[in-house]
Amino acid sequence: MISLNGATTYLNNSLAGVSKSLSHSQRRVQAPVIVSALSSNNNGPGERNVTLLMETTLKEMREASPVVAVEPKTTTVGGGVEDVYGEDRATEDQPITPWTVSVASGYSLLRDPHHNKGLAFSEKERDAHFLRGLLPPVVVSHDLQVKKMMHNMRQYQVPLQQYMAMMDLQEMNERLFYKLLIDNVEELLPVVYTPTVGEACQKYGSIFRRPQGLFISLKEKGRILEVLKNWPQRKIQVIVVTDGERILGLGDLGCQGMGIPVGKLSLYTALGGIRPSACLPITIDVGTNNEKLLNDEFYIGLRQRRATGQVQYLEYAEFMHEFMTAVKQNYGEKVLIQFEDFANHNAFDLLSKYSNTHLVFNDDIQGTASVVLAGLISSLKLVGGTLAEQTFLFLGAGEAGTGIAELIALEMSKQTGAPVEESRKKIWLVDSKGLIVSSRVESLQHFKKPWAHEHQPVKELVDAVKSIKPTVLIGSSGAGRTFTKEVIEAMSSFNEKPIILALSNPTSQSECTAEEAYTWSKGRAIFASGSPFGPVEYNGKVYLSGQANNAYIFPGLGLGLIISGAIRVHDDMLLVASETLAAEVSQENFDKGLIYPPFTNIRKISAHIAAKVAAKAYELGLATRLPRPNDLIAYAESCMYSPNYRNYR
């Protein structure tokens, strides 16, 4: 901080000189230069005049000459959203001054996760920013920092300890966190997201240290816009929001579901290149029905049960409508709102209600569907035939199951030209009461009714398998070990290469393990799962299973929406994202039995998906960033956040 005590004349002359130099300087500055004046505790007239003069002069400087010099006709990511920190430009050598509201130097700079570089501060930077003595004398490279952190991470025997270490690093050195995650994505993805994030949410109250997003509870009803304005960043492009009622396959975790939005947005940055300052995790707290949490002294949410009944549902709808309206009012038309882990009865209603007025996306319904469809398209290279020639049987008819089923039907309809109603007849669903058939239609929830086909009632999954004889078995039930030996042997009895997808998360909820799928099918299954499984050896052959992880899709989809300035999400964008991901699977991957590409190349994959999604937005007339870039892949890559350190002045 700069302390000024009555030096009005000096301040006047200095600010005039700064204003003049800023007006005529052609240097590109990648962070806002804002100096805050502190008066003495006496708060006399002279000090108040100094503060007033500072505020007035800075206002004039901002209005007369922008601090960030942008090349003419250059449009930043987000359809014109200003990138004041230079995070979108993926180059390393970008000199900046690490100033925010006050001059970030010395001890405060080391406590600022956005600008802290730790031992990577150069000798020159240590002199310029008063870091001498605050750091050991050694200067290390960014890469050596990553090597050291990975060494430390591998010392932990418990995944939750690794998760906590990663969260601590994110709060200490943001760029090191993202470089660590990007460079070691296959090893660290299960740590920052599934399956470890599930345990983190269960214990979130005990491990909670610093807030990483906004908690909006019923206490804030009528004041949600005011709460949104408390978040320090103004240029938000992506919001991931949950109400915690259906966290993975773990059920109602209430306010502790915040781990999901935090984890998802970390992946938006690491895998999709959305800059961290443009991401906002939000948890809507309307109570929890989890008795264990309500009785937990460390629980961090409202200690009340979720409201039930029609009147209470209307109150919930009003609360969510206030939230959606406030988000649009505060952040604009083009902010992407991703719904995450809402219960079925709210998830479908929210998506249906706001898909025509907001840029909304439900990852459980649409993201899961898109990544599964990609795996099915690529698996046809191994089994032969077309998508329309397959027969599908689902265990689970919630938001994930019906979302996947609908996107499969849309893709079949697109390929064959047949009505989507006709395509649905190749897809069967089993819920907790058995096979969904036409005789049950009156008692079905509205999102299940399109899947009620003519067939005699069947209660057990194994009997449904034997009766329907599917070529593809998909689990989205959240019920672990439901693909029994008898079920998989039945699938293998009439399929040379049965496609078996056990999608439920976390690992404990998976319908079967990779080892069970390969062993019980005698090595013939084409298997993928929601949570990762290691290699399996059977009869002297090693089998590698793919992970149908939504992280393949949503980061690239979000980037595509942002770079095109899209105002709505269309089903065709999901289809093209699936097709693009499927095309990324190489012959080498197929030879190993994989139907998804490795995550090591995920940023390149995300750029390709973003380009295709953006192209579809332009084609559908939903894009607002004009003119359209000539090379959308190159443009997407140029807009992606780089975790490399900047050189400070």
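## Lys-264 and Tyr-193

Not counting residues up to four places away in sequence, Lys-264 touches Tyr-193, Val-240, Gln-338, Glu-340, Asp-363, Asn-550 and Phe-554, a contact being heavy atoms within 4.5 Å. The structure is a predicted model, in which local features need pLDDT of at least 70 and side-chain atom pairs count only at pLDDT 80 or more, while totals for chains, interfaces and linings use all residues. Residues are numbered from 1 along each chain as its sequence is written, and side-chain values use heavy atoms, with hydrogens and water left out. Lys-264 belongs to helix α12 (residues 259-272); helices (H or I, at least four residues) and strands (E, at least two) are DSSP runs numbered from the N terminus. With a relative accessible area of 2%, Lys-264 is buried, where buried means under 20% relative accessible area, exposed over 50% and partly exposed in between (1.4 Å probe, protein chains only).

Tyr-193 sits in the loop between α8 (185-192) and α9 (196-202). Its relative accessibility is 5%, so Tyr-193 also counts as buried. Leaving aside neighbours within four places in sequence, Tyr-193 is in contact with Leu-248, Ile-260, Gly-263, Lys-264, Leu-267 and Glu-340. An unreviewed UniProt entry places the feature "active site" at Tyr-193 and Lys-264. These two positions span 72 residues in sequence, yet no two of their C-alpha atoms are more than 7.4 Å apart, so they gather at one spot. UniProt positions are given in the numbering used here, feature names are shortened, and annotations may be inferred rather than shown by experiment.

## Annotated binding-site residues

The feature "binding site" is placed by UniProt (unreviewed entry) at Glu-340, Asp-341 and Asp-364. These residues are spread over 25 residues of sequence but cluster in space, with a largest C-alpha distance of 6.7 Å.

Glu-340 lies in the loop between β6 (336-339) and α15 (344-354) and is buried, with a relative accessible area of 2%. Residues up to four places away in sequence aside, Glu-340 touches Tyr-193, Val-240, Val-241, Thr-242, Asp-243, Ile-260, Lys-264, Asp-363 and Asp-364. Asp-364 is found in helix α16 (residues 363-383) and is buried at a relative accessible area of 8%.

The lining of the second largest pocket includes Tyr-193 and Lys-264, together with Glu-340, Asp-341 and Asp-364. On a 1 Å grid over the protein atoms alone, a pocket is an open set of points with protein on both sides within 12 Å along at least five of seven lines, whereas a cavity is a set of points where a 1.4 Å probe fits but cannot get out; lining residues have an atom within 4 Å of a point. The space in this pocket is about 840 Å³, a volume being the space filled by probe spheres set on the grid points, which are joined across faces, edges and corners.

Of the 43 lining residues, Ala-400, Ser-476, Ser-477, Gly-478 and Ser-504 are the closest to the centre of the pocket. At least two lining residues each come from α16, α17 (399-416), β9 (427-431) and α19 (461-468), and α16 gives the most, with three. By class, the lining has 13 nonpolar, 19 polar and 11 charged residues. Here Ala, Val, Leu, Ile, Met, Phe, Trp, Tyr, Cys and Pro count as nonpolar, Asp, Glu, Lys and Arg as charged, and the others, Gly among them, as polar.

## Enclosed cavity

One cavity of 30 Å³ or more is found in a search of the whole structure. The largest cavity has a volume of about 40 Å³ and is lined by Val-327, Lys-328, Gly-332, Glu-333, Val-335, Ile-337, Thr-357, His-358 and Leu-359. This lining divides into four nonpolar, three polar and two charged residues.

## Nonpolar cores and overall fold

A nonpolar core is a set of buried Ala, Val, Leu, Ile, Met, Phe, Trp, Tyr and Cys residues joined through side-chain atoms within 4.5 Å. The largest has 124 residues, and those with the most contacts inside it are Leu-376, Ile-408, Ile-427 and Ile-474. Helix α25 (residues 602-619) supplies the largest share of this core, 11 residues. Apart from it lies another core, of 33 residues, among them Val-227, Ile-284, Tyr-331 and Ile-337. Ile-337 also lines the largest cavity.

The protein chain contains 26 helices and 16 strands, and buried residues make up 57% of its 649 residues. Among contacts between residues at least 6 apart in sequence, 74% join residues at least 24 apart.
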